[in-house]
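Hi there,

Here is the structure I promised to pass on. Please have a look when you get a moment, and my notes follow below.

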Amino acid sequence: MKQGKVKNIVSNLVTVETDYPVAQNEVCFIRTNQSDLMGGVIKVAGRHAFVQVYESTRGMKTGDEVSFQGHMLEATLGPGLLAKKFDGLQNDLNKMQNLFLQRGVYTDALEHESEWEFSPLAETGQPVQAGDWLGEVPEKNISHKIMVPFKLKGTFTVKSIASKRTFKITDIVAVLRDSRGTEHAVSMIQKWPVIIPIKIHEEKPRPFQLLHTGIRLIDTMNPLAEGGTGFIPGPFGSGKTVLQHAIAKQAQADIILFAACGERANEIVEIFTEFPKLNDPNTGGLLMDKTIIIANTSNMPVAAREASVYTAMTMAEYYRAMGLKVLLLADSTSRWAQALREMSNRLEELPGTDAFPMDLSAIISNFYARAGYTKLRNGKQGSITFLGTVSPAGGNLKEPVTEATKKVARCYYALSQQRADSKRYPAIDPVDSYSKYLEYLELQRTLGAQIGDTWVDTVIEAKDILLKGRETYEQINILGDDSVPLEYHEKYWKSELIDFIILQQDAFDAIDSYTSLERQRYMLYAVMDVCHTEFDFQLFDEIAPYFKKIIDKFKQMNYSEFQSNTFNQYWEALKELIDQKKVKEHELGI
């Protein structure tokens, strides 16, 4: 094992002097007051290695011994990850004894004594490669695949495979032979460097189908594709965390990974206490049974923030290799970027905008690129849909992290403080936000077959009405109610109709909090029929009260069971209300 000595200490950046060659990103342990503190090499210059320590360096002194481990920071992968709560270094938080995390104490990520019922999928003599499925074990509601270790390169032959029975994760379940005749024993546990993407798929096509979240402003107006990327920027208190929680509860995904990166401790506690009590609407079981939480709160060491997002992504890639749909949520990537900035500044690197690293855009781009829809060698498909949040200081959406993320994420859900203050949930700005997946022909074809041929055109028309409604509202504010034509007021209230009925939802109502695709289609077409209707108004002050009555009837429909008697009664009452002011066909000259 390679050794070194602490030469210099600046907060959690430690300079280590060593006579041995050290690799970039290599893990080391620094012996301090009988505690071994973990760190990672972030820069090598001659005999000096610059190490970021994942713990507080209080009490560390020059001359302390350093042991380099010969490998990078790795994630432990195997059965038993689901329903667990980890920190950024994958320590099991449930195994921690004290109220606060003890410095230098590390735990096993998996239960080594637990037994799992293994069923073979491969056969003796079968050629296999890294990532191929050797067997499976039941884990919660999924079939956890035991795969050829990702680190093995080339083609191997299955020399032996265990029969169906129970094993511990460290037991040997298969033996593989390479082209040289060397044998490799395979257990149900493997490790992988978190900084390196797992690339064992055959193909990575563009996303082509919708990830249904039940949130109308996303599914209808700005769809998030399965295997796609998006982010939610917004000021404090505008609802980023609440929105992510709603998506986690409702999205049609097999696995939910939540990376709490530098968030406030009270929000993490809320996740820990709330998620175990929630039911999964897709499986009927507990939501926590398909969830993994990686928690790195704002009072935890800064360096671990960077590790937490990479650890979460590596776990997501592991489950994607099993042919599963994974939803990865990160809250917030601004804290991750701040950790990068802090380490860059301590290394005295040339700063970029706002003192962030010069290569910030490249780092964010490379991370987002690890998400995606993949086809495996066995013909199965898996996906990672990544949705992050950005918390710009002062709500400035022009700051470097937001701008860098905007270049790579295909969905942009900009939260508005004004909408949040006016209690419009979700507070996503319908005009500034967008989804580039609406431009994908693959998704257009899927939506056309799944919802209707005119769906995408209708959504684009609705977005245009919202834009025109904002423009007319500004003109009305400037010129006054009685100084603009009546059609300006009508345009504005038609945009408000779309806003109140399609964009806004009640997160506390059992029915309105989640909307099926069938119901989203029905309601959008119903609202657009009203927007296409010509009304006979004589005075501007009769337009607002009339549209408020229409909005009230539609909102009652949103609170009613779809196609129930109550729902249909409100629909009939709504049609009668529309007929009162609707311009008749003979009046139009038809």
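To start with a question: is Glu26 buried or exposed? In this predicted model, Glu26 is buried, as its relative accessible area is 2%. Its side chain meets that of Lys2 in a salt bridge, with N and O 3.3 Å apart. The two residues come from distant parts of the chain: Lys2 sits in strand β1 (residues 2-10) and Glu26 in strand β3 (residues 26-32), 24 residues apart. Lys2 itself is partly exposed, at 22% relative accessibility.

- Asp92 and Lys84 pair at 3.6 Å, N to O. Asp92 is buried at 2% relative accessible area, and Lys84 is buried too, at 11%.
- Lys140 bridges to Asp289, with their closest N and O atoms 3.8 Å apart. Lys140 lies in the loop between β11 and β12, Asp289 in the loop between α3 and β20, and 149 residues separate them. Lys140 is partly exposed, at 48%.
- Lys7, Glu17, Asp19 and Arg47 are joined in a salt-bridge network.

The helices are worth a look as well. The axes of α10 (residues 455-479) and α11 (residues 486-503) come within 8 Å and cross at roughly 130 degrees, so the two helices are oblique to each other. The crossing is left-handed. Among the residues that meet there are Ile465, Leu466 and Tyr473 of α10, and Tyr488, Tyr492 and Ile498 of α11. By class, this contact has 9 nonpolar, 5 polar and 3 charged residues.

Best wishes

Definitions and conventions
Residues numbered from 1 in each chain as written. Predicted model: local features only at pLDDT ≥ 70, side-chain atom pairs only at ≥ 80, totals over all residues. Heavy atoms only, no water. Axes fitted to C-alpha atoms, helices over the stretch in contact; angles between N-to-C directions. Helix = DSSP H or I, 4+ residues; strand = E, 2+ residues; numbered from the N terminus. Parallel < 35°, antiparallel > 145°, perpendicular 65-115°, else oblique. Left-handed = near helix turned anticlockwise from the far one by under 90°. Contact = heavy atoms within 4.5 Å. Nonpolar A, V, L, I, M, F, W, Y, C, P; charged D, E, K, R; others polar. Salt bridge = Lys/Arg side-chain N within 4 Å of Asp/Glu carboxyl O. Buried < 20%, exposed > 50% of the residue type's maximum accessible area, 1.4 Å probe, protein only.
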